[in-house]
Amino acid sequence: MSTVAPAFNNLRQSIADFSVAEIAKKFGTPTYVYDMATIEKRVADLAAFDVIRYAQKANSNIAILDRLRRLGVVVDAVSVGEVKRALAAGFSIHGDTHPIVYTADVFDRAALEMIRENGLHVNCGSPDMIDQLGEVCPGANITLRINPGFGHGHSQKTNTGGPQSKHGIWIDQVDDCLRRADLYNIAVTGIHMHIGSGTDLEHLSQVCGALEKVAMNVGRTLKMISAGGGLPVPYRDGQEYVDLDQYFQLWDASRKRLEAHFGHKLSLEIEPGRYLVAESGYLITEIRAIKKMGENTFYLLDTGFNDLARPILYGSYHPIAIAHQTPKRHAPELDVVVGGPLCESGDIFTQEEGGFVSKRRLPAASVGDYLVMEVAGAYGFVMASNYNGRYRAEEVLIENGKLHSIRHRESFEDLIRGETIPAVS
Ligand code: LLP
């Protein structure tokens, strides 16, 4: 597989053969669009792994989950809600490779109750979870999520390893966990490590060795090892894909060494979120105002960090392209700041970590033209909110030359659902 990143263009008239303007007119703006063909390619890239377990937190729309299930992908769930999403998309609780696994560092009471009732497989990220599960499901099989003592992510906020992270069981506590498991006749059938999101091959590669050591310690109850997620995708020119062949070979070699040691087969899982869906997604917005503030020109959109929170949260960079209402092949370019409608000055899409506003070289545009935020399929809609009383966006799937709405734009009824005004006494 090529590791060269695509070249991003700041003019875009279409997405998978549909004109941006046509999609915008049909569904309104802002609208998230996902191209199924891209998701299919990304699943195919990972075929060497025995099990692809999708970290649905990246994009948990049930239509996406359904399509991934049909492609043979299984899922990870981090809450009762995500388990129920997976069930709604046709996954079952029980099956060869555990179609749904609950991965967390805590059981809230609702999750523990659900697991007591349905026996869902659990990947425990804290020693206390073993005792709590043992009380309600003695004799269960579990996986341990281990924090190897180091981690790395695209931002310090997405680094899930090392002593500053709350995630996983600290590598020195494995023996204690095995003792706890024995008390409840619980067998540890898998080891899992996820060191962070949006990391790189250098850091990912260090995980295999750390996992091997823990696996040797756990012993012959093991049936599965998981490489976790974290695969990066290119968000800007010059960034590259991870060499997946090389990555697989590293893990396969670890797996084979463990198999030789235990004398039985081990299944090798990978748990990507971003890699499967990020590049499929586009957020189509409309430019609603253009204004000059001193030296700066602002394009102000009908979408803000309520729809795409990554720039304000992490200073994340998303490729941005203009789709003119009347297509233009060329337009003069200028440096602009791109912002949203929210009543908060941090509502800027072109910002760096720390909130420093930056500019983007974009084609000249007018009010009424469209602006597309790209590589927005992961951690986009799922992190959207109703801040400032805004309705969450429509989601649309492009599949086999058709546009399907997979989530309607919210309405005022959605906005106030569950709220009540108590009678004045
Ligand atoms: N497995 C576990 C246990 C995780 O915690 C995560 C991500 C993944 C897999 C998937 O990681 P991925 O392959 O997507 O890198 N909101 C942030 C990302 C947070 C990731 C949380 N956990 C962002 O927008 O970049």
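Before I place any residue, I note that helices (at least four residues) and strands (at least two) are DSSP runs, numbered from the N terminus. With that in hand, I looked up Asn 388 and found it in the loop between strand E20 (370–374) and strand E21 (394–399). I also note that this is a predicted model.

I checked the backbone of Asn 388 and read a positive phi of about 65 degrees, although Asn 388 is not a glycine. I wrote that down because most residues other than glycine have a negative phi. Asn 388 counts as partly exposed, at 36% relative accessibility.

Asn 185 is not a glycine either, and its phi is positive at about 60 degrees. I found Asn 185 in the loop between helix H7 (174–183) and strand E10 (187–192). Is Asn 185 buried or exposed? Its relative accessible area is 60%, and the cut-off for exposed is over 50%, so Asn 185 is exposed.

**Entry: the whole protein**

I stepped back and counted 12 helices and 22 strands in the protein. The radius of gyration is 23 Å, close to the 22 Å that the globule rule gives for 425 residues, so the protein is as compact as a globular protein of that length. Along the principal axes, the C-alpha atoms fill a box of roughly 65 × 65 × 40 Å.

I then looked at burial, and 56% of the 425 residues are buried. Of the contacts with a separation of 6 or more, 72% are between residues 24 or more positions apart. The accessible surface is about 18600 Å², and carbon and sulfur atoms own 50% of it.

**Entry: Arg 53**

Next I went to strand E4 (residues 51–55), where Arg 53 lies. Arg 53 has a relative accessible area of 2%, and buried means under 20%, so I logged it as buried. What does the side chain of Arg 53 reach? I found the backbone oxygen of His 98 at 2.8 Å. Beyond its neighbours within four places in sequence, Arg 53 has contacts that include Val 74, Asp 76, Pro 99, Glu 269 and Glu 271.

**Entry: Ile 15**

I found Ile 15 in strand E1 (residues 14–15), and at 0% relative accessibility it counts as buried. Leaving aside neighbours within four places in sequence, Ile 15 touches residues including Val 20, Val 33, Tyr 282, Val 372 and Ile 398. I also noted Asp 35, 20 residues away along the chain, with 7.9 Å between its C-alpha atom and that of Ile 15.

Pro 30 sits in the loop between helix H1 (20–27) and strand E3 (31–35). The peptide bond from Thr 29 to Pro 30 is cis, with omega near -5 degrees.

At the start of H3, I saw a side-chain oxygen of Asn 61 come to within 2.8 Å of the backbone nitrogen of Ala 63. Buried residues in helix H3 (residues 62–70) include Ile 64, Leu 65 and Leu 68. Just after H3, Gly 72 takes a positive phi of about 90 degrees.

**Entry: Glu 410**

My last stop was the loop between strand E22 (402–407) and helix H12 (412–416), where I found Glu 410. Glu 410 is buried, with a relative accessible area of 9%. Which side chain makes a polar contact with the side chain of Glu 410? I traced it to Asn 386, at 2.8 Å. Tyr 391 and Arg 392 are also among the contacts of Glu 410 once neighbours within four places in sequence are left aside.

Note on methods:
Residues numbered from 1 in each chain as written. Predicted model: local features only at pLDDT ≥ 70, side-chain atom pairs only at ≥ 80, totals over all residues. Heavy atoms only, no water. Rg over C-alpha atoms; globule rule 2.2 N^0.38 Å. Buried < 20%, exposed > 50% of the residue type's maximum accessible area, 1.4 Å probe, protein only. Contact = heavy atoms within 4.5 Å. Areas by Shrake-Rupley, 256 points an atom, 1.4 Å probe, with all protein chains shown as cover. Polar contact = N/O pair within 3.5 Å; in protein donor to acceptor, adjacent residues only side chain to side chain.
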